[in-house]
Amino acid sequence: NASALLAQVQRVPMRAAAATSTVSLMVTAGAAGAVHLAHGTVPLASVAWALLGVIPGGLIGARLQSRLPDRAIRVVFALLALLVAASVVVRARGSL
């Protein structure tokens, strides 16, 4: 993840790394979304349901990030990265 690389390799504070990563993801996802929307391959009902969780989750996450110490943010980020990695491994084993 870009946040982890910026924070660990470049010694950028975790808050700045997360913000930088989020902005780059928004641009990339926005461009990809626009292409899919133009091709009619976006399930709009699924997007609406996803936004019900994404918008409040983003707002809550931003508020928590502004209140937590940098060390706590790093620990939470590491735990989430491990959870995602474990999920990928479990799914990959199920499809073999």
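A residue is called buried when its relative accessible area is under 20%, exposed when over 50%, and partly exposed in between, with a 1.4 Å probe and protein chains only. The model on screen is predicted: local features need pLDDT of at least 70, side-chain atom pairs count only at pLDDT 80 or more, and totals for chains, interfaces and linings use all residues. Numbering starts from 1 along each chain as its sequence is written, and side-chain values use heavy atoms, without hydrogens or water.

Start with the whole protein in cartoon view. Helices (H or I, at least four residues) and strands (E, at least two) are DSSP runs, numbered from the N terminus. Of the 96 residues, 7% are buried.

Next, select helix H2, residues 14-38. Its end C-alpha atoms are 36 Å apart, which agrees with the 36 Å that its 25 residues should span at 1.5 Å a residue; the expected span is 1.5 Å times one less than the number of residues. Within H2, show Met-14, Ala-17, Ala-18 and Ser-21, which are buried. Then move to Gly-40, which follows H2 and has a positive phi, near 70°.

Now turn to the largest pocket. A pocket is an open set of points on a 1 Å grid over the protein atoms alone, where a 1.4 Å probe fits, with protein on both sides within 12 Å along at least five of seven lines; lining residues have an atom within 4 Å of a point. Select Thr-22, Leu-25, Val-54, Gly-57 and Gly-58, the closest to its centre among 34 lining residues. H2 gives the largest share of the lining, 12 residues.
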